[in-house]
Amino acid sequence: MVVRDPVAVRPSISASWRRSRDAGVDGAVEAAPLVFDRDSLADARGAHPLRPHLPLLEALLRRVADETEHLMVITDADGNVLWTQGPPATRRAAAAIGLAEGFRWAEDAVGTNGIGTALAAGRPEYVYAAEHVAHVLHRWSCAGAPIIDPDSARVVGCIDVSATVAALHPATVALVAAAARLAEARLENEMLVRDERLRERLLPHLRGLGEAGLLVTATGRVLAAGAAGLRGLRVPAPEPGGAVPLPDGRVAVAEPLGEAFLLRLADRAGARVPPIAGAREAAARPAAGDGPLLALSLLGGGQPHALLDGRRFDLTLRHAEILALLALHPCGLSGDRLSLYLYGDDGSPATVRPEIHRLRQQFGDVVRARPYRLGCAVEADFLTVRRLLEEGDVAGAVRLYGGELLPRSDAPAIRAERDELAVRVRRQVLDRGGADALWAYAQTEPGRTDLEALERLRAVLPAGDPRRATVASRSDRLLNGEP
């Protein structure tokens with residue numbers, strides 16, 4: 001690596017040089033490495049949160065790129081180039097150094113540059129000519145700005161403008177930063193719409209807990225709270241059944257609630273605060289004109305359970321099957337039809353009646369008869385996964401899909417729904433999921449032994465990603481016939 005005079009170097013550049021040196025980047029590197037083939041690039045583009053906003057960003061920067069022979073570049077959080085825009089001559093020059101779709105521009109790949117340095121620093125940066133580590137980049141200048149997702153507070157990408165000039169016009173640097181802020185504003189608008197939808201659907205659970213509960217996103221943002229002063233704050237991302245420390249020093253226990261979590265406050269000794277009402281009281285209590293809300297958690301191999309306005313009820317397998325079927329058929333099922341779905345041709349309405357009676361003892365008038373149906377609003381994790389897939393939110397769907405629907409169930413209708421949902425999740429993850437969606441799927445029981453999914457994930461993960469070693473090891477075991 002070339003030794004430079006530290007007195008003449010801006011602090012942000014000298015810091016980037018140190019990171020590049022520590023990563024082993026050589027100044028003789030001739031081009032960025034290719035990390036995405038055509039199929040992997042299409043998958044990464046389709047899964048990226050900036051994809052819906054690409055037309056707006058291109059319109060904002062196209063005139064700069066086309067009229068000034070600059071190149072506009074949009075990358076993911078790892079510096080992998082997803083989209084470019086610019087005149088043909090500039091694109092040809094950029095392609096010679098790998099500044100094109102599918103190539104990686106992180107600092108650890110090519111050293112100091114407008115994309116990688118902005119991502120590493122977490123702020124807009126510009127890099128002029130000889131400030132680049134790689135000699136081949138000394139005829140280029142670039143300015144990049146990271147884009148931060150307001151939901152997760154994580155960097156999701158970078159917008160960059162590059163050109164074969166000694167320095168960019170100051171207005172170009174400002175424009176790149178403004179484009180990044182515009183992208184963040186658009187992401188925030190989407191987030192606020194999702195937040196309002198979640199509050200409208202899930203607030204009955206919070207009412208059931210009073211001041212002892214919070215409604216929190218999967219990323220840890222507090223959407224609503226019974227106690228004043230907590231809404232709008234951020235807590236550590238909750239895990240099902242895990243303890244979550246709150247900003248005021250208290251501790252809460254996380255209950256999964258579809259796309260969100262219900263946090264039940266615990267006392268300082270660590271015990272759960274008891275719910276304020278039983279099932280019958282919760283079912284009978286109106287609030288602001290709304291009835292009760294029943295949430296079902298039936299995915300994966302854990303204990304199936306329900307939340308009725310915030311109170312948890314563990315479910316037997318048979319009761320979980322019945323509630324799943326009633327959730328699938330909101331208009332109700334006759335005794336003959338319900339017994340057929342549960343037992344096949346060997347069932348009868350007489351077999352179903354005792355189970356319905358026991359459910360009514362547990363949940364009160366929420367479970368109704370003639371026909372059998374649920375007389376309340378229902379949220380079910382498997383139905384939410386279906387809806388997210390229909391909306392094209394593959395990442396959200398696979399994040400919620402912790403495993404198959406009631407995997408121990410032999411009920412014919414449950415088996416059919418389980419198989420259909422598993423096929424739909426897997427297909428969309430393979431066809432449209434990015435690295436994070438594929439990784440989340442690989443943590444599920446079916447995904448752990450899905451060689452095709454693991455090989456796809458192995459192909460899209462950058463070489464330096466720590467997850468790559470785990471995926472490679474698991475893939476190799478499966479290829480060798482090992483469990």
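This is a predicted model: local features need pLDDT of at least 70, side-chain atom pairs count only at pLDDT 80 or more; totals for chains, interfaces and linings use all residues.
Start by selecting Ile74 and Trp83: Ile74 stands opposite Trp83, which is in β2. Residues are numbered from 1 along each chain as its sequence is written, and side-chain values use heavy atoms, with hydrogens and water left out.

**The sheet**

Strands here are DSSP runs of E with at least two residues, helices are runs of H or I with at least four, and both are numbered from the N terminus. Two strands count as paired if DSSP finds at least two bridges between them.

Now display the five strands of the open sheet, whose order is β2-β1-β5-β4-β3 with antiparallel pairing. At the edges are β2 (81-85) and β3, each of which pairs on one side only. From one strand to the next the twist averages 20°; axes are lines fitted to C-alpha atoms, for helices over the stretch in contact, and angles run from 0 to 180 degrees between N-to-C directions.

Select β4 (residues 141-148) next. Seven of the eight residues in β4 are buried, where buried means under 20% relative accessible area, exposed over 50%, and partly exposed in between (1.4 Å probe, protein chains only). On one pairing, β4 meets strand β3 (residues 125-128) through four bridges in the antiparallel sense; pick Glu125 to find its bridge partner Gly144 in β4. On another, eight bridges join β4 to strand β5 (residues 155-163), again antiparallel, and Ala143 has Val161 in β5 as its bridge partner. Follow the chain through the hairpin of β4 and β5: there are six residues between the strands, and Ala153 takes a positive phi near 65°.

**The salt bridges**

Switch to charged side chains. A salt bridge is a side-chain nitrogen of Lys or Arg within 4 Å of a carboxyl oxygen of Asp or Glu, and by this rule the count comes to 32.

Select Asp195 and Arg221, whose side chains meet in a salt bridge with an N to O distance of 2.9 Å. Asp195 lies in helix α7 (residues 170-209) and Arg221 in the loop between β6 (213-217) and β7 (222-225), so this pair ties together parts 26 residues apart in sequence. Asp195 counts as buried at 5% relative accessibility, and Arg221 is buried too, with a relative accessible area of 11%.

Glu391 lies in helix α12 (residues 381-391) and Arg197 in helix α7, so the pair ties together parts that are 194 residues apart in sequence. Glu391 is partly exposed at 47% relative accessibility, and Arg197 is partly exposed at 26%. To see the network around them, select Arg197, Arg201, Glu259, Glu379, Arg387 and Glu391, which are linked by salt bridges.

Last, go to helix α9 (residues 317-328), where Arg318 and Glu321 are three residues apart and so separated by about one helical turn. The closest N and O atoms of their salt bridge are 2.4 Å apart. Are these two residues buried or partly exposed? Arg318 is partly exposed at 25% relative accessibility, whereas Glu321 is buried at 2%.
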